[in-house]
Structure formats: structure tokens, C-alpha cells
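Trainee: I am new to this structure and would like to understand the words used for it. Could we go through them together?

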Amino acid sequence: LSVKEDARERDDDDDEKEEEKTTTTTTICHPEKMTTTTKKTTQRRTRRPTTARGLINIASATTKVAVIVLFLSIAFLFGAVREVAAKDYYSILGVARGAPESQIKRAYRKLALKYHPDKNPGDEKAKSKFEELSNAYEVLTDEEKRQIYDRHGEEGLKQHQQSGGGGGGGHPGDIFSQFFGGGFGGFGGFGGMNQEPETPKGDAVQMDLYVSLKDLYLGNTIKVIRDKDVLKPAKGTRKCNCRQKMVTRQVGPGMFQQYAQNECEECPNVKLAREKSTLMCEIEPGMEDGREILFFEEGDVLIDGEPGDLKMIVKAQYDKEMKWRRGASDNNLYMDKEITLVMALNGFETEVTHYDGRKIVLKNEEVTTPGFVQTYKGEGMPRFGKSGKFGDLVVTYSIKFPKKVPKGSKQIVKDIFSSDFVDF
């Protein structure tokens, strides 16, 4: 009984109000003088007893906060993954961001015929490429979807579709059939698709695009400004769309003459002018030397035809600062490293910073001879299209010798190195 009474008394003490004295200092600013008054006040606060219900509420609130933090972390993680995986629809079709709809349609037509599954049976890469083309075409030929994609990217487009803003993700075959007006039955003609006469195109232009090793290692978007010929309206008209037509004429009783005659249409006149265009080249990690980046209809113009295509050929640059170069036929990085004679004789340990900020330790505890080669596995260039796989870093050492040896040290050098020399 005494134990219970003591416990009740402690609870009653917790319920009592405690007095706490505080000091409040007030500073009054006046143009002529400044006075400070100090006033002592007494505040009352009530300490409430901690109950089991209070503990449960605190635990529940803590759990809710933890769940919210975990949910936001997962959402951020998946958002980041989707952002990394997002692809550029313009690059997929090989057109500039400001390309008109007619150019987008021509680009889709050309590439869809190339990568159609009926033309590439059993080729999963071609099938995947065909699906990407169809998805990109569906978005970029829809005015509303294209505006959303240009402003907010692929993630914004997905959110728009999830909120009921228009259907998305049409079947690639349906898009192809709507475009060409035919089915998938047999590649020869694509199921009765009408064959249209091929429109003449201008010459294709090929350019070398020199890319730094850092951009090829990490990936980047490179802006290229190109000066090219374009067609501009001019005064007057001209003959256009000329074609040969066979004409038969009677020249006498039972006598006919057949000959070819040119027939042309009247078209508005045009002239050539120079214009600068901005192209965005998407460099993916590990792109090989010689890989083509296609820009549809960015080549030479052709009157009464379509412009040719532009092909950018990726060329890896030598890194003068790091003294790194890329292998011609592999994903290795080759480095020329110069060390001093003292380091070569006594052993050395030094660091180099990779393009992603990691430190790589170069070390040799033995004597290093000129031309000595070390290979560091997995420290080379990423393998294009193979996530997480890298080539090697191959380091070739050269020795920096002193310009001269002091006269008093020559005999010492002879005594030390009288034997055990390396033959080259």
C-alpha cells in the first residue's frame, strides 16, 4: 500500500504547476537617449504526465514520418532511373528539334522501312529500334504531345497520359499501317502497300565529329553549328517536275511518228542562300570510333527534291593533359606515364584522377625500366550498349633522366651499378 501511495504522490507532483522566473530586457530607442529597462516576470507552465496513450501517439507519428521519407526516397530513386533511361525522340528519328512535321514523317518512313520486323526476322535489336521509332513518331506528330515533351521531357509526357490527357503507346504495327496504308503480310510490298515513286534526294554530307575522351566516357550533348545551303523564295516562276512523255503523231496515211516530249509544271521560283543551323549531337557513353550519328535531311539541298542526309562520324580525341588515347579496335585506354629516375630505381606510388572523379593508384615496388607496361582491369572506356562493362587502362612508363651527373658522384654511380643491368 505504501508503494502505491508513493507512486500516486509522484503523479500528483507532476500535475502541479511549476513557477519559472524569467528576465525580460527591453531596449527603447530615442533620438536623444537610449534607455534600457529590465523587468522580472513570472511565467507558469504545467508539466503534463506522460501516459501510455501519449507514447502510442508519438510512436505512430514517428512511424508515419519514416514511411513518408521512405516513399519519397523510392519515388526519387525511380524518377532518377527513369530520367537516365529517357531517350531523345528527335535523336531516334535523326531530326533537329525544330524539324517540321513533314520532315519527321519522311524520316520515320525511311527508318521504319529499314528496321521493320518483316525485313529483319529474328533480329531483336531491329525490333526494338522499330518500336522506338514508332513511339517517337507518335509523339512528335501530335501537336499537344510534342509541346509537353519539349517542355517536360518523357516523364512529363507519361504524367500527362496517366492523368487522362490523351491515349499513348499505340502498337508500332498500327502506327506503321496507318502511315503506309497496309498491313504486315509479307515484306514484299508490305501487304499490298502502294508503291510510290521515289523522290530524288540531294547528296549526303559526311563530317567528322571530334569528341573528347571525357565526353565519350561520361556521355554528353554536343552543340554543333553548321553553315549550309537552303532554298529561299524568289521572284517569278520556273519550270519544275519535268518528265518525259511519249507522244504519237500521224504524219501521213497509215504513218505515225512516236517521240519523247518534256512536260513541265510551273512552280514558284527559288534561290540558294546560306544559313546557320544548330544540331544537338547525343554522345552516349562508350561510343566507338567511326559510329555514325544521322541527321535526316540536313545534307545538301536539291531543287525539286528532298535534302540529303548528314552523317556525323565520331572521332575520339587524344587527351593531351592526361596523355590518354583510346584503342583503335578495343575499349582500352592507353596512357603514357613519365616517372623520374629516382622513382624508377626506388619504386613509386602515385595517383591519377579518372574522368568520373575516382582515384587510381599507380604503383610499382620493383625497378621500373623504360617501356614497362602495367594493366589496370576495368579502368578503361565503357563498352557501348553494355552497362557496367569497361575496358582496361594500359600504362606504359618512360623514365626521365637527369641532364647531368656531378663529377663527384660518377664513381659512386659506377660502384652502385657495376652489375645487374637490364638488357634492352
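Predicted model: local features only at pLDDT ≥ 70, side-chain atom pairs only at ≥ 80, totals over all residues.

Trainee: How many aromatic pairs does the structure hold?

Mentor: There are eight aromatic pairs.

Trainee: Why is the pair of Tyr-108 and Tyr-137 called stacked?

Mentor: The ring centres of Tyr-108 and Tyr-137 are 4.3 Å apart, with the planes at 20°. Rings pair if their centres lie within 6.5 Å, and planes under 30 degrees apart count as stacked. Both values meet these cut-offs, so the pair is stacked.

Trainee: Which parts of the chain does that pair link?

Mentor: Distant ones: Tyr-108 belongs to helix α4 (residues 101–115) and Tyr-137 to helix α5 (residues 124–140), 29 residues apart.

Trainee: How do you know whether Tyr-108 and Tyr-137 are buried or exposed?

Mentor: Buried means under 20% relative accessible area. Tyr-108 has 0% and Tyr-137 has 11%, so both count as buried.

Trainee: What makes Phe-372 and Tyr-397 a stacked pair?

Mentor: Their rings lie 6.0 Å apart, centre to centre, with 25° between the planes.

Trainee: Why do Phe-372 and Tyr-397 get their accessibility labels?

Mentor: Phe-372 has a relative accessible area of 28%, which falls between the 20% and 50% cut-offs, so Phe-372 is partly exposed. Tyr-397, at 1%, is under 20% and therefore counts as buried.

Trainee: Which residues do ring pairs link into a cluster?

Mentor: The cluster is made of Tyr-217, Trp-324, Tyr-355 and Phe-390. Trp-324 also stands opposite Met-335 in β9.

Trainee: What is the order of strands in the open sheet?

Mentor: Its four strands run in the order β8-β9-β13-β12, and the pairing is mixed.

Trainee: What makes β8 and β12 edge strands?

Mentor: Each of them, β8 (324–326) and β12, pairs on one side only. From one strand to the next, the twist averages 25°.

Trainee: How do you know that β8 and β9 pair?

Mentor: Pairing needs at least two bridges. Three bridges join β8 to strand β9 (residues 333–340), so these antiparallel strands count as paired.

Methods:
Residues numbered from 1 in each chain as written. Heavy atoms only, no water. Phe/Tyr/Trp six-rings, centres within 6.5 Å; stacked < 30°, edge-to-face > 60°. Helix = DSSP H or I, 4+ residues; strand = E, 2+ residues; numbered from the N terminus. Buried < 20%, exposed > 50% of the residue type's maximum accessible area, 1.4 Å probe, protein only. Axes fitted to C-alpha atoms, helices over the stretch in contact; angles between N-to-C directions.
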